[in-house]
Amino acid sequence: MKDLDAATQLVHAGRDWDPEWGYVNPPVVRASTVLHKSCEDMMDRVHDEMACRDGKPCYGSYGGPAHKAFYSAMKTLEGPNAAGAWAFSTGLAATTTPLFAFVRAGCHALFSDSIYGPTREFAEQILRTMGVDVEFFDPAACRRHGVTSVIDNTWATPLYFKPLDHGVDMVVHAATKYIAGHSDLLMGVVVCNERVWPAVYRTAVRLGQAASPDDVYLAYRGLHTMGVRVAHAAKSAERIVHWLLERPEVETVRWPALESDPSHAIWKRDYTGATSLFAVVFRPEYDGRLAPFVDALKLFGRGYSWGGYESLLIPSYGTRSVRENTFSRMVRIAVGLESPDDLIADLEQALKRLRD
Ligand SMILES: *Cc1c(COP(=O)(O)O)cnc(C)c1O
């Protein structure tokens, strides 16, 4: 599986076809109790779990066939260094639980200044009260040698960046976004290298972190079409980005595939593509005055999250403690699967409201 192209992996990885039944997809097994043939069988399964061995589950919280399929696919996609994967009830739980696996009172934990907002709040409101020294750093700074590291790779997906290949220990995705892809579930997933996997696995299990089989099934189903969805949305995004750059109201667009973007060099070095989420910075005269534009949109939904089939646009907000921000004249756009012509027409009619 590891030698196949990503497009093929998305279709085939994790699919353990059972010739007896013949179904293309894994079953969804809803389970708390798992019954065992004998005491010996029961203890074998418990020992497998304790040793982080990929055995049969001893209890429903360890997941079922859909979990197995999804984990196997995620490990394939994240590359040869992926040793284990675990799903969580939300993307946020997937970003916070790996931190509990390594961060202790007295530790110095470094967070990129551009970190996902709720993860910043977790660091400030939970980790600091536990005696952890939390520091935010400019995203341009490099990881120091030997530091245990976790990256939130939701924006790039494993298609466009594979952090484990670059020496990162843990990669987290809000599966809620591109992986699930249909705005109908919340889920997170962490994929770990061999060094950190036992600690992350034990922390997830001890904290009682589990994702429901129905959600995991949907996330796994989402993977099969993620390649075409993301590529289509990114192509539309590129057109929309270039259209926006020509608009007199727009100062700049933040999308790393643009040569003018401050992150372009790093993106070009490490990434193989850009997805359909970007930010638009308006000229200073529109500072704090973007609501009429946002409210006039008809196709773009005003709502949180992104990565679904539908386009969304929200005013930006948040905190930066290291670098200055332009949040009060910035919007975030997530381009979906609609025709880019229709989306551009919608933006055009809404921009008229801004000038009026
Ligand atoms: C949405 C998001 C999360 C959290 O996912 P939820 O499932 O909404 O909790 C984490 N990281 C990034 C980058 C996100 O966009």
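Below are legends for a few close-up views of this predicted model.

Local features here need pLDDT of at least 70 and side-chain atom pairs count only at pLDDT 80 or more, while totals for chains, interfaces and linings use all residues. Residues are numbered from 1 along each chain as its sequence is written, and side-chain values use heavy atoms, with hydrogens and water left out.

**View 1. What sits around the ligand.**

Look for a ligand oxygen 2.6 Å from a side-chain N or O atom of Lys 177. At Gly 91, a polar backbone atom is 2.7 Å from a ligand oxygen, and at Trp 306 a side-chain N or O atom is 3.0 Å from one. The protein covers 85% of the 380 Å² of accessible area that the ligand has on its own (Shrake-Rupley method, 1.4 Å probe).

**View 2. Ala 233, tucked into helix α8.**
Ala 233 belongs to helix α8, residues 213–245 (helices are DSSP runs of H or I, at least four residues, numbered from the N terminus). Buried or exposed, at 3% relative accessibility? Ala 233 counts as buried: the label means under 20% relative accessible area, with exposed over 50% and partly exposed in between (1.4 Å probe, protein chains only). Leaving aside residues up to four places away in sequence, Ala 233 touches Ser 276, Val 335, Gly 336 and Leu 337 (heavy atoms within 4.5 Å).

**View 4**
Glu 124 and Arg 120 pair up at 3.7 Å, N to O; a salt bridge needs a side-chain nitrogen of Lys or Arg within 4 Å of a carboxyl oxygen of Asp or Glu. Both residues lie in helix α5 (residues 117–127), 4 residues apart, or about one turn. Glu 124 is partly exposed at 29%, whereas Arg 120 is buried at 2%.

**View 3. A salt bridge between two helices.**
The closest N and O atoms of Asp 341 and Arg 239 are 2.7 Å apart. Asp 341 is in helix α11 (residues 340–355) and Arg 239 in helix α8, so this pair ties together parts 102 residues apart in sequence.

Definitions and conventions
Polar contact = N/O pair within 3.5 Å; in protein donor to acceptor, adjacent residues only side chain to side chain.
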